[in-house]
Protein chains: 2
Amino acid sequence: MPRGNGRGPVWWHGHFRGCGYRITSGREAILGVLTGADKHLSAEDIFLKVHRLNPAIGLTTVYRTLEILVSLGLVSKFDFGDGRARYELAQKSDFSSQHHHHLICTKCNRVIDYTEFVDDEKEFLRRAEKGLSAKYKFDIKDHLIQFYGLCDKCRNKK
Amino acid sequence: MPRGNGRGPVWWHGHFRGCGYRITSGREAILGVLTGADKHLSAEDIFLKVHRLNPAIGLTTVYRTLEILVSLGLVSKFDFGDGRARYELAQKSDFSSQHHHHLICTKCNRVIDYTEFVDDEKEFLRRAEKGLSAKYKFDIKDHLIQFYGLCDKCRNKK
DNA sequence: CTCCTTATTGGTAATGGTTTCCATTATCAA
DNA sequence: TTGATAATGGAAACCATTACCAATAAGGAG
């Protein structure tokens, strides 16, 4: 069973080994932060948290490790339009994280995850992808759906 | 009837005046380029075209004017994830442009507009927005839907 | 365990799109 | 025509991200 509590091999070691990547203390720390995070973090957020655990780890390493993790599909990268990317574990431990999208407050930049309406969405996406693939000979690999507006706090402010 | 052929007032003059903005030759040129464009242009694209009409107009003015146009809702700003924003007239002359979304090729960055499936989409969005607004007390103002994949040219390359 | 190849590292400099600054110029209401 | 002030352009600043490079460390071979 995968563990993340220090010494022994953890769930992601296999993914790294299998691709020829080495296990380093920097990568351990970064994965540790991502595993413990409950929301999308920017590279700098991650750097600051990692820095508290191990001040020797540099921002460059954070970016490089995140790039690897995204390419391995272990981490998802999001763009909320505020000029900095956010990162989030794509799977936690054994469990695949649920597919979800985001509500983005255009005033305070708060981001709310939602997993509702996935059935509606699945059906819509299935039809759209099928139709668009055929019409434009486009091989659709992924999609992005985001809603923008005002969160409950901001909508009540003048 | 709105015109865009040089001397007299054109369709957007009223929008500018109404907000206290002045009509300048730079803004005329930029709006002219946008009106004549048939696809999303980057700020630099617009600058280069404007520069051919009037070399005195600087890149800064292009950015500033685009910011105003977006804030007035006359121009839409898109982020296709390649690090530069794209701009497109939100309405052409009297006609509202059709609501559309984008297929983005992750290999060559080509962008295909599509207006298909808007009925499906409208229905899906209507339900999603209604449900999400209620559940999260989120006042949804806008949405973003994009599909990523390989265009017909790139999918056939190794 | 030790050695050796080479992936990885951190700090710094560079990148590139976008913004800010500021002195100069142009718009347009009076 | 004039004056208040919005708009301008060019250069510098900004800022997240990337490239570079000499120093370090992971981990397989022996």
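**Stop 1: confidence in chain A.** Colour chain A by pLDDT. The mean is 86, and 87% of its residues reach 70 or more. Now select residues 1-6 of chain A. Here the pLDDT is below 50, and the stretch has eight contacts in the model beyond near neighbours in sequence. Where pLDDT is low, the predicted coordinates should not be read in detail.

**Stop 2: the two copies.** Show both chains.

**Stop 3: the largest nonpolar core.** This core has 31 residues. Select Leu103(A), Leu132(A), Phe138(A), Phe147(A), Leu103(B) and Phe147(B), which touch the most other members. In each of chains A and B, strand 6 (101-105), strand 7 (111-114), helix 5 (118-136) and strand 8 (139-150) give two or more residues. Helix 5 of chain A gives the most, with five residues.

Stay on Phe138(A). What does Phe138(A) touch, not counting residues up to four places away in sequence? In chain A, the list has Leu132(A) and Ser133(A). Across in chain B, its contacts include Leu103(B), Ile112(B), Tyr148(B) and Arg155(B).

**Stop 4: aromatic pairs.** There are nine aromatic pairs over all chains. Select Tyr114(A) and Phe147(A). Their ring centres are 6.2 Å apart and their planes lie at 50 degrees, so the pair is tilted. Tyr114(A) sits in strand 7 and Phe147(A) in strand 8 of chain A, 33 residues apart. Tyr114(A) counts as buried at 3% relative accessibility, and Phe147(A) is buried at 0%.

Next, take Phe78(B) and Phe80(B). With centres 5.9 Å apart and planes at 15 degrees, this pair is stacked. Phe78(B) is buried at 16% relative accessible area, and Phe80(B) is buried at 6%. Then pick Trp12(A), Phe16(A) and Tyr21(A), which form one aromatic cluster.

**Stop 5: helix 2 of chain B.** Select residues 25-36 of chain B. At 1.5 Å a residue, these 12 residues should span 16 Å, and the end C-alpha atoms are 16 Å apart, which agrees. Which residues of this helix are buried? They are Gly26(B), Arg27(B), Ala29(B), Ile30(B), Leu31(B), Val33(B) and Leu34(B).

Key
Residues are numbered from 1 along each chain as its sequence is written. Chains are lettered from A and ligands numbered from 1 in the order in which they are written. This is a predicted model: local features need pLDDT of at least 70, side-chain atom pairs count only at pLDDT 80 or more; totals for chains, interfaces and linings use all residues. Side-chain values use heavy atoms; hydrogens and water are left out. Helices (H or I, at least four residues) and strands (E, at least two) are DSSP runs, numbered from the N terminus. The expected span of a helix is 1.5 Å times one less than its number of residues. Buried means under 20% relative accessible area, exposed over 50%, partly exposed in between (1.4 Å probe, protein chains only). A nonpolar core is a set of buried Ala, Val, Leu, Ile, Met, Phe, Trp, Tyr and Cys residues joined through side-chain atoms within 4.5 Å. Contact means heavy atoms within 4.5 Å. pLDDT is the predictor's confidence in each residue, from 0 to 100. Rings of Phe, Tyr and Trp (its six-membered ring) pair if their centres lie within 6.5 Å; planes under 30 degrees apart count as stacked, over 60 as edge-to-face and the rest as tilted.
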